Amino acid sequence: SVLGPILFLIYVIDLEESLVHAKALTFADGTKIFNAIRTIMDQVQLQEDLNRVVEWAVRNNMTLHEEKFEFMSYQLNPIDNTSETVSYTAEDLRQLWKLPFTQPFYETPGGEVLTPSAVIKDLGIYMSSDGTWRVQISHMTKSATTVANWVLSAFKNRSPEIMIMLFKTLVRPLLEYCCTVWSPVSTGEIAQLEQVQRNFTRRIAGCREMTYWERLSHLNLQSLQRRRERYMIIQMWKVYNHLSPDVGIDFNPQTGSRQGPRAEWPSLNHKAQ
């Protein structure tokens, strides 16, 4: 129904009020609770807030799928639970959780031990515990390549008009979804993404003998890297003019400077997990 999603949001809007120490982010039926972990007490408080969320669900006659809970920790030198030579049982994790020098582990009231995940998919984006976007870019490139190959095999017409329309409609959106979040900086990842458009444009009629940059000029296209740079500039302009949610960026106006306002990013505390 049309009112269903609205009524659901009204129903769960007070979830964050049940938290004492942690913060929460909610989108549709997905909720994330998080906090900086610097001491054992921080771990205990986050565990207590996790319990409060489950208690909130019980009070509201809701059942949470505890087996679908996921836990990710951003930290230095994390414990590797995916190693072929190391395997932690549920009891091992409970004991490790009690030690002050190891990565924290959490447990749901139903007895589900939340083991650290190396990768979590959040709203279509693959988040990695090491803070990189290699997994996201790899999945995205593979998906776009699969669709591009399907287009080239399903349509015999190679005219620029048809091919460009199909590329813009079916392939390119897969390569640019939320690109302001994961935009790569390494030349290898930039080239990995660009290769999808490079290969596709080579198959268009009249473009096989051209270089990549000649093909882009001939087809009136921009490189994917240039398009991402444009999106990032637009996003920063929206943040600066309060048209987009602030993500913790401070703008330091430089009076009399030709450079304009300087964006200052919040410093990362490496001691926090």
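**Close-up views of a predicted model**

**View 1. V171 and its contacts.** Leaving aside neighbours within four places in sequence, V171 is in contact with A144, V147, A148, L166 and V196. The model is predicted. V171 is also among the residues with the most contacts inside the largest nonpolar core.

**View 2. The largest nonpolar core.** This core has 26 residues. Those with the most contacts inside it are M163, V171, L175, W182, F200 and I204. Several helices contribute: α4 (134–154), α5 (160–176), α6 (179–182), α7 (187–202) and α8 (212–219) each supply at least two residues of the core. In soluble globular proteins, nonpolar side chains tend to be buried together.

**View 3. Helix α5 against helix α7.** The two helices pack at an angle of about 165 degrees, and their axes lie 12 Å apart. Angles over 145 degrees count as roughly antiparallel. Therefore α5 and α7 are roughly antiparallel to each other. In passing α7, α5 makes a right-handed crossing. On the α5 side, the contact is made by M163, F167, V171, R172 and L175. On the α7 side, L193, V196, Q197 and F200 take part.

View 4. Strand β1 covers residues 23–27, and strand β2 covers residues 30–34. They pair in the antiparallel sense over five bridges. A24 stands opposite I33 in β2. Two residues lie between the strands of this hairpin. In the hairpin, A28 takes a positive phi near 55 degrees.

How values were computed: Residues numbered from 1 in each chain as written. Predicted model: local features only at pLDDT ≥ 70, side-chain atom pairs only at ≥ 80, totals over all residues. Heavy atoms only, no water. Pairing = 2+ DSSP bridges. Helix = DSSP H or I, 4+ residues; strand = E, 2+ residues; numbered from the N terminus. Core = buried A, V, L, I, M, F, W, Y, C linked by side-chain atoms within 4.5 Å. Buried < 20%, exposed > 50% of the residue type's maximum accessible area, 1.4 Å probe, protein only. Contact = heavy atoms within 4.5 Å. Axes fitted to C-alpha atoms, helices over the stretch in contact; angles between N-to-C directions. Parallel < 35°, antiparallel > 145°, perpendicular 65-115°, else oblique. Left-handed = near helix turned anticlockwise from the far one by under 90°.
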